[in-house]
Amino acid sequence: MTDAVPRARSPQSPNHPITQLPNSAAGVLVTVVMDADRMSRTLTRIAHEIVERNRGIEELALVGIRTRGVPIAKRLAHAIGEIAGHEVPTGALDITLYRDDLMRHAVGPQPVVRSTEIPFSIDDKRILLVDDVLYTGRTIRAALDALIDFGRPKVIQLVVLVDRGHRELPIKADYVGKNLPTSASQSVQVHLMEIDGKDEVEIQET
Amino acid sequence: MKKDLLSIADLSCEEITLILDTTEAMREIGQRPIKKVPTLRGKTVVNLFYEPSTRTRTSFEIAEKRLSADTLSIPVSTSSVLKGETLVDTALNIEAMQPDMIVLRHASSGAAHLLSRICRSRIINAGDGMHEHPTQALLDAFTIREHKHRIEGLKVTIVGDLLHSRVLRSDALLLTKLGAQVCVCGPATLVPVGIERLGVRVSTSVDEAVADADVIMLLRIQHERMQGAFFPSVREYFNTFGMTKARVARARPDVIIMHPGPMNRGVEIASDVADGPYSVILEQVANGVAVRMAVLYLLAGGVEDEAAA
């Protein structure tokens, strides 16, 4: 992580702009670990790896996990299209109804369910499941269950922009943008142009 | 969400919008090869129906099964109710078997509220007497939103038996809450006193009421609830209030025709209108399953605050 740029954020105090401590009442320490340029190159690299490892890309299809897996899947589809000259179908998967932590809390509203759109048959396809951050693995477990309800793909491979470790289930990514060793007290935020207005990955101390 | 869904009156605009947005996501599940998600695995839902029902009961049962709940329906005609058991006793006995939700249809207004006070289970009102039928209003609103992409500012005309209709009450409350202009019309004998308090305009002429309507909703003439003579004859009712092609032509060219079912063809609606191009009656039925899945899902979560739990 030689390219890591620590910087303090909100609210800016002229007295200690950089040295703000985590947990200080003034704000959160944020470290940018991937900027827009690096993200773009990372996705291009993953697209090349996907094409290399999947001969016959006619069978390929990308399924992004809502929310941020969806734009990443679309970008990868575009990049694969440029490399191989073949447009890869893309879908969006909402895993809320498959979560293993639903109904475990007596108080508080249910998580918001968004629609799943997989406008093609996944039967006998090579499905690339795409998410922004791989952490406990529970989201991926839910996504695998959800996908199987749509058919029987030939292969499912996992693509993540960031793998931050701390797995709680035996799940491993096939394509990783960046391995990011973190502690459980940190949070990793992926910002994407389509949703957040900028391309950036940052670690927040909480 | 609150613990129970008893009435549209209890819902805020935000909660209604959340239910309609969730319905959007639920609808896709019905189009999958495997029409089932594991969300309510291990939850037990009891459908307690004290009145005949095809649509609502089937719709709830399908919704429950698509969410993987364990479900059973108790048609009262084969239950101990015939031996004289009261609603409260029946409910307490069902409660003793630890269900998570009870869906209640009852001929008495307020029956769902009564169960809500004595039951730990979540209660969903599937129609209580002449009071409310909240999930019907939600599916109506969803169907309207699908076609018109909004509810605010629409002119919705509701024609029929306004007196006995719980659908009217729920629909009027919901649609006016979301900003629609609701106009109601029916025989003077079937217009309840004080109906304006629902925020609706009352019209005595169907032709006037349907003019420029975005949505026309027909209500069933409820013969089973009529103990007196409310209008001279079915034929006269159809001539004065029945929805015919000629009347539909007075509405906006993109009008949609709705009916909560069951239809009396040739009474409140002409057959060629019910089956015609403007009719969305079967879409309402299809959307009913998704709306009920949304309600079941949202109610199954935690309650708003611990005190209410």
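Along its sequence, chain A of the predicted model runs through the pattern β-β-α-β-α-β-β-α-β-β-β-α-β. Of the 206 residues of chain A, 49% are classed as buried. Among the contacts in chain A with a separation of 6 or more, 68% are made by residues 24 or more positions apart.

The side chains of R138(A) and E168(A) form a salt bridge with an N to O distance of 2.7 Å. Because R138(A) belongs to helix α3 (residues 138-148) and E168(A) to the loop between β6 (155-163) and β7 (175-179), this pair ties together parts of chain A that are 30 residues apart in sequence. R138(A) is partly exposed, with a relative accessible area of 34%, and E168(A) is likewise partly exposed, at 46%. A salt bridge also joins D163(A) to R167(A), with the closest N and O atoms 2.8 Å apart. Here D163(A) is buried, with a relative accessible area of 12%, whereas R167(A) is partly exposed at 27%.

In chain B, R27(B) and E24(B) are paired in a salt bridge whose closest N and O atoms lie 3.4 Å apart. Both residues are in helix α1 (residues 13-29) of chain B, separated by three residues, or about one turn of the helix. Residues three or four places apart in an α-helix point the same way, because the helix has 3.6 residues a turn. R27(B) has a relative accessible area of 26% and E24(B) one of 31%. The two residues belong to a network of salt bridges that links D21(B), E24(B), R27(B), R145(B) and E146(B). Over all chains, the count of salt bridges comes to 28.

Helix α3 (residues 87-95) of chain B contains the buried residues L87(B), T90(B), A91(B), I94(B) and E95(B). These residues lie on the same side of α3(B), because they cover an arc of only 135 degrees around the axis. Their cover includes β1 (44-49), β2 (70-75), β3 (101-106) and α4 (111-118) of chain B.

The contact between the chains takes 19 residues from chain A and 24 residues from chain B. About 1700 Å² is buried between the two chains, with carbon and sulfur atoms giving 62% of this area. On the side of chain A, L97(A), M103(A) and Q110(A) lose the most area to chain B, together 33% of what that side buries. By class, this side has 11 nonpolar, six polar and two charged residues. Between chain A and chain B there are zero salt bridges, while four residue pairs are in polar contact across the interface.

Notes:
Residues are numbered from 1 along each chain as its sequence is written. Chains are lettered from A and ligands numbered from 1 in the order in which they are written. This is a predicted model: local features need pLDDT of at least 70, side-chain atom pairs count only at pLDDT 80 or more; totals for chains, interfaces and linings use all residues. Side-chain values use heavy atoms; hydrogens and water are left out. Buried means under 20% relative accessible area, exposed over 50%, partly exposed in between (1.4 Å probe, protein chains only). Helices (H or I, at least four residues) and strands (E, at least two) are DSSP runs, numbered from the N terminus. The arc is that of the directions from the helix axis to the C-beta atoms. Contact means heavy atoms within 4.5 Å. Buried area is the accessible area (1.4 Å probe) that two parts lose on being put together, summed over both. A salt bridge is a side-chain nitrogen of Lys or Arg within 4 Å of a carboxyl oxygen of Asp or Glu. A polar contact is a pair of N or O atoms within 3.5 Å; within protein, one must be able to donate a hydrogen and the other to accept it, and residues adjacent in sequence count only if both atoms are side-chain atoms. Ala, Val, Leu, Ile, Met, Phe, Trp, Tyr, Cys and Pro count as nonpolar, Asp, Glu, Lys and Arg as charged, and the others, Gly among them, as polar.
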